[in-house]
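Please look over the sequence and the model shown here before reading on.

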Amino acid sequence: WTCRHAGLTWAAHPISARGAHGQQLSLDVASYGAIRPRRALVILTGVHGDEGFSSSTLLCDAIERWVVAGSDPQLADDVAVLMVHAVNPWGMSYWRRQNESNVDLNRNWGRDERTEVPDNPGYDILHSVLVPGGDQVPSPESLFEVTRSLIDQHGYAWVKSAVSEGQFAHPDGLYFGGDRTEESNRILARVVADRLAGVDDVLVVDLHTGHGDFGTYTLLSHVPEGHPDDAWLRTVFDADRIECTASANATTGPKHGQIAVGLNDVVAAATWRTVTMELGTISDTRMIINERAEHWVHFHGDRATPEHAQIVWDHRCGSTPDDAGWEASARAHGIDVLDAARHAMRSAA
């Protein structure tokens with residue numbers, strides 16, 4: 001409806017998996033501006049399905065504000081804006097971070113081309129407590145007992161990295177990077193390669209939720225501090241919000257197989273800059289408790305029962321809080337970041 005109202009055309013790219021109600025699912029892609037651009041702004045939403053609701057709102061809001069009757073009078077003739085709604089439509093339908101194959105798409109990019117994948121021995125140690133079986137919802141205490149011991153031995157940062165950086169040995173586990181490139185990522189690669197063929201300068205804004213304090217936001221830079229691209233990002237966005245994932249004091253580290261970074265492989269633009277916007281929700285501890293419980297429900301429970309439905313809802317609210325104040329701050333932060341990104345691509349050299 002938003003695209004129709006703005007006079008934009010869009011394309012639906014179906015995936016094979018069906019939705020929670022048996023419906024057809026697709027990656028929906030809208031774009032405007034130059035047909036064969038020299039510069040491009042790419043906005044990704046819903047890479048993690050349960051995070052896609054707020055970013056969907058931000059994308060619709062941007063279209064309403066930027067585009068009237070299919071034109072953006074402030075956009076230069078050589079610039080295109082490419083907007084991808086729900087990279088993980090199955091996860092959005094089921095309120096899951098993972099896709100239909102239990103793969104974290106943001107650990108899966110270019111999997112077909114990677115004959116060797118990194119080991120994650122820390123996750124191997126944690127797997128059985130992160131993904132327990134049995135016929136009862138797992139208690140947080142059983143998780144805390146193991147993680148406290150590992151934190152004492154290795155430190156909190158080691159445990160956090162072991163859980164979240166990505167793993168390739170446990171298909172039923174958390175943050176699984178897959179054993180092949182997933183369909184949604186193959187579709188995305190094809191769309192971007194076709195739409196941005198020959199582009200010289202790209203800025204990708206990948207919209208996420210979960211990391212950081214409630215109601216705040218962080219912009220993750222995936223190049224080292226002092227790198228020219230990091231310096232450029234600090235001139236475009238609020239420098240105090242930029243965090244380099246490669247720095248020693250980063251609150252979250254680099255991940256294997258990230259989409260926004262890997263897309264450069266299919267376009268090979270001379271300049272490719274990426275920033276991940278994280279809208280803060282709940283604590284890391286609460287997040288992993290929710291993810292663990294929801295994961296158990298998915299594999300062992302029944303979403304139709306009240307107890308298990310509540311677990312699924314709590315997990316969804318950990319990524320998209322059902323809170324008017326949070327929604328208002330998320331929208332305000334999103335406007336600031338997306339408008340800054342659009343302005344930067346208007347004026348980029």
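## Basis of the report

This is a predicted model, in which local features need pLDDT of at least 70 and side-chain atom pairs count only at pLDDT 80 or more, while totals for chains, interfaces and linings use all residues. Residues are numbered from 1 along each chain as its sequence is written, and side-chain values use heavy atoms, with hydrogens and water left out.

## Helix H6 and its partners

Helices here are DSSP runs of H or I with at least four residues, numbered from the N terminus. Helix H5 (residues 140-154) packs with helix H6 (residues 156-164) at an angle of about 120 degrees, and their axes are 7 Å apart; axes are lines fitted to C-alpha atoms over the stretch in contact, and angles run from 0 to 180 degrees between N-to-C directions. That angle makes H5 oblique to H6, given that angles under 35 degrees count as roughly parallel, over 145 as roughly antiparallel, 65 to 115 as roughly perpendicular and the rest as oblique. From H5, Thr-147, Leu-150, Ile-151 and His-154 meet Tyr-156, Trp-158 and Val-159 of H6, where contact means heavy atoms within 4.5 Å. Sorted by class, this contact has five nonpolar, two polar and no charged residues; Ala, Val, Leu, Ile, Met, Phe, Trp, Tyr, Cys and Pro count as nonpolar, Asp, Glu, Lys and Arg as charged, and the others, Gly among them, as polar.

H4 also packs with H6, at an angle of about 75 degrees and with axes 9 Å apart, and the two are therefore roughly perpendicular to each other. On the H4 side, Gly-122, Tyr-123, Ile-125, Leu-126 and Leu-130 meet Trp-158, Val-159, Ala-162 and Val-163 in H6. The residues of the contact between H4 and H6 comprise eight nonpolar, one polar and no charged.

## Ser-164 in H6

Ser-164, found in helix H6, is buried at a relative accessible area of 14%, where buried means under 20%, exposed over 50% and partly exposed in between (1.4 Å probe, protein chains only). Its side chain reaches the backbone oxygen of Lys-160 at 3.0 Å. Not counting residues up to four places away in sequence, Ser-164 touches Arg-107, Tyr-175 and Lys-255.

## Aromatic pairs

Rings of Phe, Tyr and Trp (its six-membered ring) pair if their centres lie within 6.5 Å, with planes under 30 degrees apart counted as stacked, over 60 as edge-to-face and the rest as tilted. By this rule the count comes to two aromatic pairs. The rings of Trp-90 and Tyr-94 have centres 4.3 Å apart and planes at 25 degrees, so this pair is stacked. Trp-90 and Tyr-94 are four residues apart in helix H3 (residues 89-94), a separation of about one helical turn, and Trp-90 is buried at 8% relative accessibility.

The rings of Trp-95 and Trp-313 have centres 5.6 Å apart and planes at 55 degrees, so this pair is tilted. Trp-95 lies in the loop between H3 and helix H4 (121-130) and Trp-313 in helix H12 (residues 306-319), so the pair ties together parts that are 218 residues apart in sequence. Trp-95 is partly exposed at 26% relative accessibility, and Trp-313 is partly exposed at 29%.

## Two loop residues

Gln-98 is placed in the loop between H3 and H4 and is buried, with a relative accessible area of 4%. Leaving aside neighbours within four places in sequence, Gln-98 is in contact with residues including Asn-88, Trp-90 and His-295.

Pro-171 lies in the loop between H6 and helix H7 (183-195). With neighbours within four places in sequence left aside, Pro-171 is in contact with Asn-102 and Phe-176.

Terms used: Polar contact = N/O pair within 3.5 Å; in protein donor to acceptor, adjacent residues only side chain to side chain.
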